[in-house]
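Please keep the sequence and the structure in view while reading.

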Amino acid sequence: ARFGNLYLAGGVYLGGTAAANKLDDYEEGTWTPADAGGGTLNVASAFYTKIGNVVNLSAYILFTGVGSNNTAIQINGLPFTILQPQVVGSCMSDGIVKASNAFNTAVYISSTTIKFYMSVSGASWQPFRHGNHVSVNDSIYFNATYFTSQ
């Protein structure tokens, strides 16, 4: 038989009947990124999908103002609480000044904020900073995946 629409109030079991196989939470929505590092943003888009305890989010932000010089960029306003700090995504940027020997960028979520880092040859990961790396009209598009207890 074929189903047109199927609505399940209590969830569905996938691959078995154990509690770990039960999918009972799916949600899509928007979120509002803000820069806890003092910058101001124009948010072109910011979406998330939550399946169980996994949150996938993306955003495209444009800096309309920058924070104090050398202050790390820290995006907050995440739709769900982070279960634990983790390296979770990638980003593409336009106008961001990277170290001449930077070859990779990563998105890191700790506590309640997203931070952007560049990998610098012969040195530790360096955060994107206001003034040093980001100016007005620079933009970042990023995606991230993290775990939540909610």
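Strands, of at least two residues (E), and helices, of at least four (H or I), are DSSP runs that are numbered from the N terminus. The model is predicted, so local features need pLDDT of at least 70 and side-chain atom pairs count only at pLDDT 80 or more, while totals for chains, interfaces and linings use all residues. Residues are numbered from 1 along each chain as its sequence is written, and side-chain values use heavy atoms, with hydrogens and water left out.

**Confidence**

The pLDDT is the predictor's confidence in each residue, on a scale from 0 to 100. Its mean for the protein is 86, and 95% of the residues reach 70 or more. Confidence is lowest in strand 9, with a mean of 76, and highest in strand 5, with 96.

**The nonpolar core**

A residue is called buried under 20% relative accessible area, exposed over 50%, and partly exposed in between (1.4 Å probe, protein chains only). A nonpolar core is a set of buried Ala, Val, Leu, Ile, Met, Phe, Trp, Tyr and Cys residues joined through side-chain atoms within 4.5 Å. The largest such core has 29 residues, of which W31, L57, I114, F116, I140, F142 and Y146 touch the most other members. Strands 5, 6, 8, 9, 10 and 12 each give two or more residues to this core. Strand 6 supplies the largest share, five residues.

Y146 belongs to strand 12 and is buried because its relative accessible area is 0%. Contact means heavy atoms within 4.5 Å. Leaving aside neighbours within four places in sequence, the contacts of Y146 include L57, F80, V88 and I109. Y146 and V88 are 58 residues apart in sequence, yet their C-alpha atoms are 6.3 Å apart in space.

S139 is also placed in strand 12. With residues up to four places away not counted, S139 touches Y60, I61, L62, M92, S93, D94 and I96.

**The salt bridge**

A salt bridge is a side-chain nitrogen of Lys or Arg within 4 Å of a carboxyl oxygen of Asp or Glu. The structure holds one. It joins D25 and K50, whose closest N and O atoms are 2.1 Å apart. The two residues are 25 apart and link distant parts of the chain, with D25 in the loop between strand 2 and strand 3 and K50 in strand 5. How accessible is D25? D25 is partly exposed because its relative accessible area is 24%, whereas K50 counts as buried because its value is 2%.

**The surface and the loops**

F3, L6 and L8 form a nonpolar patch on the surface, with about 360 Å² of accessible area together. Patches consist of residues with over 30% relative accessible area and no salt bridge, where like charges are joined within 9 Å and nonpolar side chains (Val, Leu, Ile, Met, Phe, Trp, Tyr) within 5 Å. Accessible areas come from the Shrake-Rupley method with a 1.4 Å probe, and for residues only the protein chains shown count as cover. L6 lies in the segment before strand 1.

Most residues other than glycine have a negative phi. N70, in the loop between strand 6 and strand 7, has a positive phi near 75 degrees. N137, in the loop between strand 11 and strand 12, has a positive phi of about 80 degrees and is not a glycine.

The table gives the accessibility of several residues.

| Residue | Relative accessible area | Class |
|---|---|---|
| L6 | 57% | exposed |
| N70 | 41% | partly exposed |
| N137 | 55% | exposed |
| S139 | 5% | buried |
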